[in-house]
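Visitor: I am new to reading structures. Please take me through this one, feature by feature.

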Amino acid sequence: MVGLSVGEKHFIQGGISQDLRLDCRKRLTYRPIYVETGIIPQAHGSARVRLGATDVIASVKAELGKPNALQPDKGKIAIFVDCSPTAAPMFEGRGGEELSTELSVALERCILGGKSGAGAGIDPTSLVVVEGKVCWDLYVDGLVISSDGNLLDALAAAIKAALSNTGIPKVDVAAEMTGDEQPEVNISDEEFLQFDTSGIPVIVTLTKVGKQYIVDATSEEESQMTSAVSVSVNRKGHVCGLTKRGGAGLDLSIILDMISVAKHVK
Amino acid sequence: MRGLQLPLSQTQRTRLQRAFEKLQSLSSKANSDASVTVADTIPVNYEDAFLKGHGTTELNGELVATVCGVVERINKLVYVRGLRARYKPEVGDIVVGRVVEVAQKRWRLEINFSQDAILMLSSMNMPDGIQRRRTALDELNMRSIFEENDVVCAEVRNFQHDGSLQLQARSQKYGKLEKGQLLIIDPYLVKKSKSHFHHLEQFGIDLILGRNGFIWVGEHVETRDSMVVDKPNSSEQSMVLEERNQTHTPLEMRQNICRVANAVRVLSTLGFSMDADLIMETVELSSSLKIDIHDMLGSEFHVLVAEREAERRSLMGKRRR
């Protein structure tokens, strides 16, 4: 990330306070979003989202596995994000790991809900094949190719698009199974189970710069931020998750204000 | 045309295609054989003695290009000039750079070249304007002139024997650039012209076209000759500086800056050479059609600009004949 001189930083802050950002967007305007699905044929579902210069790819792979003993009627979903070194030189080697874990955790929280599974965007019970024995494990992987700010929003959009593109193969379970034996399953080549993605929330990130918040910050604007709140809102307008980044504290009223702005933007 | 990442509807695509074809047909005659891609044979008369330059190699007795670019011939030298290459500096070029390091008696600037350029302390005017030897105290106070990440405008002075670049900023028009934004485009789009500093009067904006592809658009700064400044004014100036830190650029000027910046972005996406007149025309086109500043980056405006440029060039061609 290139540094910014004092004059430029001042210019950016002035722009935001006057509601005219560097590329002439308003504070609450998004950059044009381009979504492509089905770009990785080997994966069960995939999507690529471009938000200005930010470029991310999400892919979904499904494998058969054994469900958790504590929750025998639910499948498992794992979300993992990797920041590629092509996005920024600081991501080389272990550099991108901190950002990756932060993004993965935030996405898991927003899309999968809390520990008890409440408020999840995807219903894990739809992933089970044989209760207690066989279930689908979904591995959702995100890859950041190019980073120009607002990675969380782009990744959430990519995951939603990838899941809508996912086709889970139909499974035939052989009859006659006893006790602890693993049942035989036939995976058909015809994939037909589509996911219901209407429940999956969309994340809106509000970045606070000075006294104002902006939506969809570029990396220059992000370098000026004091704090950022990412709100995940689903189709019904309910808040599914909240993540706060940044060192500065936020007054509670401001957080509530930001949440209402996020709902409005959505 | 490098993949335009714009959603174009069918009609827009055909219009853009037609505009580009028109532009191609209008361009000078040698162009069609001049552009080559990797492994294209370069048409050359093998009987004449010729020198193989950069970007060429001999393969199976034929001269083949190793980069994508345009074939240039100078006397007996045949070489291929790459298009997306880094900036190739020439002495006397105006460049805009960013300070990456403050070193002993010099600043190192990044200018989109293979090496960082050097701006010596002695090539820079002192803030009080007096011509004198630079003392050790000056060296310690270098940060008060330029810090890291400052945007600086300078001129290429010469090349060192080890290939690095030396800059100088001895005139009032060079120096630190504030209150504006820096745009990065491909260096080959900025051609050498009489003046690279443009003061757009009706907007009150400075436009500096650096030959390295860094374009500065910002508020107009009066270039004062610091030699003429006398004592009573200096205290006033320091107060003005404080105030400037508080006040922001007025909204109208900011809108103009944004409009010019977007015009530059549109022209660079379309691959047209940057020229102050062209930029002004694009800005006027957008304001005459009452296009919102943000929509200037949309596909419709790109198509309009391409068509306008094709028309303009055909008119120029007709006038010549």
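Visitor: In which loop of chain A is Leu28(A) found?

Guide: Some ground rules come before the answer. This is a predicted model, in which local features need pLDDT of at least 70 and side-chain atom pairs count only at pLDDT 80 or more, while totals for chains, interfaces and linings use all residues. Residues are numbered from 1 along each chain as its sequence is written, chains are lettered from A and ligands numbered from 1 in the order in which they are written, and side-chain values use heavy atoms, with hydrogens and water left out.

Guide: Helices (H or I, at least four residues) and strands (E, at least two) are DSSP runs, numbered from the N terminus. Leu28(A) sits in the loop between α1 (6-17) and β1 (33-37) of chain A.

Visitor: Is Leu28(A) buried, partly exposed or exposed?

Guide: Buried means under 20% relative accessible area, exposed means over 50%, and partly exposed is in between (1.4 Å probe, protein chains only). Leu28(A) has 39% relative accessibility, so it counts as partly exposed. Now look along the chain. Gln42(A) is 14 residues from Leu28(A), and their C-alpha atoms are separated by 37 Å.

Visitor: Where is Ser46(A), and what does it touch?

Guide: Ser46(A) is in strand β2 of chain A. It counts as buried because its relative accessible area is 1%. Contact means heavy atoms within 4.5 Å. Setting aside residues up to four places away in sequence, Ser46(A) touches several residues, including Glu36(A), Ile40(A), Ala58(A), Ala162(A) and Asn165(A). Ile39(A) is also among its contacts. A polar atom of the Ser46(A) side chain lies 3.1 Å from the backbone nitrogen of Ile39(A).

Visitor: Which residues of α2(A) are buried?

Guide: Start with the helix itself. Its expected span is 1.5 Å times one less than its number of residues. Helix α2 (residues 97-112) of chain A has 16 residues and reaches 21 Å from first C-alpha to last, close to the expected 22 Å. Its buried residues are Ser100(A), Leu103(A), Ser104(A), Ala106(A), Leu107(A), Cys110(A), Ile111(A) and Leu112(A).

Visitor: What is Val81(A) in contact with?

Guide: Val81(A) belongs to strand β4 (residues 76-83) of chain A. With a relative accessible area of 1%, Val81(A) is buried. Beyond neighbours within four places in sequence, its contacts include Ser100(A), Leu103(A), Ser104(A) and Leu107(A). Those four are also listed as buried residues of α2(A). Gly142(A), Val144(A) and Leu155(A) are in contact with Val81(A) too.

Visitor: How many helices and strands does chain A have?

Guide: Chain A has five helices and twelve strands. Of its 266 residues, 47% are buried. Take the contacts in chain A between residues at least 6 apart in sequence: 65% join residues at least 24 apart.

Visitor: How is chain B divided?

Guide: Domain bounds come from an automatic or database domain assignment. Chain B has domain 1 (34-84), domain 2 (85-177) and domain 3 (179-221 + 250-320). Taken over C-alpha atoms, the centres of domain 1 and domain 3 of chain B are 34 Å apart.

Visitor: What is the phi of Asn75(B)?

Guide: About 50°, a positive value, although Asn75(B) is not a glycine. Asn75(B) is in the loop between β5 (69-74) and β6 (77-82) of chain B. At 80% relative accessibility, it counts as exposed. Asn149(B) also has a positive phi, about 70°. It lies in the loop between α4 (142-145) and β10 (151-159) of chain B. Asn149(B) is partly exposed, at 26%.

Visitor: What ipTM does the predictor give the complex?

Guide: The ipTM is 0.71, and the pTM is 0.76.

Methods
Polar contact = N/O pair within 3.5 Å; in protein donor to acceptor, adjacent residues only side chain to side chain.
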